[in-house]
Amino acid sequence: MFTCLQICLLLLVLHTLAVVASRERKNVLFIMADDLRTSLGCYGDSVAKSPNIDQLASKSQVFLNAYAQQAVCAPSRTSMLTSRRPDTTRLYDFNSYWRTHSGNYTTLPQYFKSRGYFTTSVGKVFHPGISSNHSDDYPYSWSTPAYHPASFRYEKEKMCKGEDGKLHANLLCAVTVSEQPGGTLPDLESTEEAVRLLKSRAADAVPFFLAVGFHKPHIPFRIPQEYLSLYPIDEMTLAPDPDVPTRLPPVAYNPWMDVRQRDDVQKLNISFPYGPIPKDFQLRVRQHYYAAVSYMDAQVGQLLGALDALGLSHSTVVVFASDHGWSLGEHGEWAKYSNFDVSTRVPLIFYVPGLTSQRVARRESTFPFIDVFMQPQRSFKNDRVIRNVVELVDVFPTVSYLAGLKAPPPCPVISFKEELCSEGVDRAHTFHRRERRRNGEAISFSQYPRPAAAPQVNSDLPDLKDIKIMGYSLRCWDYRYTLWLGFNPQTFQVNVSDVHAGELYMLEGDPGQDQNIYSDFDHSVVTAKMAGLPRTVGVQMRMRLQLLYLSAGRKTSAGRE
């Protein structure tokens, strides 16, 4: 009996030590791409050549259906890094700083800094400018001022050599790097600085949170010329649905003004707002976007290779994500600025040493750099994938827990005075058990503002004062449901009875979201059913209830046929 008791106690101690070890604080390498949709090999894109990110994914947990809360840079990044939705940050444009505009919300890096981490930022993590107080939220979020590559100042200047031999501010801007100012490009500089920082922290006992934001594949496509060779133009194809859907409400369409304003696009003399880009130019845009993805992938590979070489891959959580997607001609649209999947769906990958992959011997390399020009077709198998819908507001609590900290508590319904809380969900539990079934109740909630019910020159990026309509969109397994509702920018109030338009897509038969089956009659019935709801019920809950009613009605109708 005594021996048995001793064995039980020993096993309990060993289990406790294992739990403690698994909860030890880990470093965090937080990598963000800019305007990257799920055009990666690990997300099933057969065109993309992204071997380094694919290799990361093969040793990580991959969320296949992760969605941004607003498909534009500053609102999305602020939302993800605070774990608050745009209606809480009240940032829908680039022109306000959440700490003074809505609430003094704790950010993800600030949370780690307050727990003793050394936190530092390289490249584009927060959106620079007013929305991060012209300081990338330093000193709140970072232990040292954020680093920005000096060569970024040339991104909006005339740097692209045209057919006339002169320099232009083009959309398509493949260059010879040695001919660029300083002989470099922004993401090359950011990679170099991030590697330098890793080397400086490798022997330090203080854990680090290093955020690295790459600028590509954001336009302009100012990338090394050689990456175009990976995507021969005669092998490129158009979007599968390049036409504007016949039942797309005008308010839902984004006229891609930032693309139109580039010199080479202006020369095409495209009519506003729906005029299509000539097909041969569409192919070149798609070619340059994919080339930009491969260029960015190489930077990720260099960074992960350095992490590995320094012996840090055994003690560092790696997160890879994007702020939002980018349309490549789907629905006749380009750029972001919409609620469709191509604009809101993003890659989301978590590598957790000892959890998402088996520990390798110290001499073995976890992330050997892969030269895409030498091994363009290399592929990897992903064993750990999550297909259920998640959101970027989930990142803050999830990475906190996985790194060994407590996840911030859930926010109350109204949280403007709460400094530390999360409007997302801690997804750490999904790392400890395989996904067995689809969760029909899992949803993402995105939104996009418009200044008017029809496309105009500021439809993509309206200033707060000009917002008249807010498009709220639910995405679940079976549907994407969007309502365009009246919005008051002075009070930040949405009028749920002021419906300008609606969209409803059944994803099983229409994964590209081209056949809008929204019916004004159906909605009037649903609105009548919901009339008794208290005014305190928020838009998200109202739309969930409406979608349940609409989908139940369609299933009943289908059963009678």
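Author: Let us start with C476, which is buried, its relative accessible area being 8%. The word buried stands for a relative accessible area under 20%, exposed for one over 50%, and partly exposed for what lies in between, with a 1.4 Å probe and protein chains only. The model is a predicted one, in which local features need pLDDT of at least 70 and side-chain atom pairs count only at pLDDT 80 or more, whereas totals for chains, interfaces and linings use all residues. Residues are numbered from 1 along each chain as its sequence is written, and side-chain values use heavy atoms, with hydrogens and water left out.

Reader: How many disulfides does a search of the whole structure find?

Author: A disulfide is taken to be a pair of cysteine sulfur atoms within 2.5 Å, and the search of the whole structure returns 2 of them. One joins C160 to C173, with 2.1 Å between the sulfur atoms. C160 belongs to strand β4 (residues 160-161) and C173 to the loop between β5 (167-168) and α7 (186-201), so this bond ties together parts that are 13 residues apart in sequence. Strands here are DSSP runs of E with at least two residues, helices are runs of H or I with at least four, and both are numbered from the N terminus. The torsion about the S-S bond of C160 and C173 is about -100°, so the disulfide is left-handed. C160 counts as buried at 3% relative accessibility, and C173 likewise counts as buried at 2%.

Reader: What handedness has the link of C411 and C421?

Author: The sulfur atoms of C411 and C421 are 2.0 Å apart in their disulfide, and with 90° about the S-S bond this link is right-handed. Both cysteines sit in the loop between α12 (395-402) and β13, 10 residues apart. C411 and C421 are both buried. Counting the bonded cysteines along the protein chain gives the pattern 1-2, 3-4.

Reader: Turning to strands, what is the order in the open sheet of 4 strands?

Author: Two strands pair if DSSP finds at least two bridges between them, and in this sheet the order is β13-β14-β15-β16, with antiparallel pairing. β13 (444-450) and β16 (493-506) stand at the edges with a single partner strand each, so one side of each has no neighbour in the sheet. From one strand to the next the twist averages 20°, where axes are lines fitted to C-alpha atoms and angles run from 0 to 180 degrees between N-to-C directions. The antiparallel pairing of β15 (residues 479-488) with β16 runs over 10 bridges; in β16, N495 is the bridge partner of G486.

Reader: Which residues are closest to the centre of the largest pocket?

Author: The largest pocket has a volume of about 1400 Å³, and of its 41 lining residues V413, V537, G538, V539 and Q540 are the closest to the centre. At least two lining residues come from each of α4 (86-89), β13, β16 and α14.

Reader: What backbone geometry has the peptide bond from I219 to P220?

Author: Most residues other than glycine have a negative phi, and most peptide bonds are trans. The bond from I219 to P220 is cis, with omega near 0°, and P220 is placed in the loop between β6 (208-213) and α8 (257-260). The bond from F272 to P273 is also cis, with omega near 0°. H331, although not a glycine, has a positive phi of about 60°, and at 1% relative accessibility H331 counts as buried.

Terms used:
On a 1 Å grid over the protein atoms alone, a cavity is a set of points where a 1.4 Å probe fits but cannot get out, and a pocket is an open set with protein on both sides within 12 Å along at least five of seven lines; lining residues have an atom within 4 Å of a point. Grid points are joined across faces, edges and corners, and a volume is the space filled by probe spheres set on the points.
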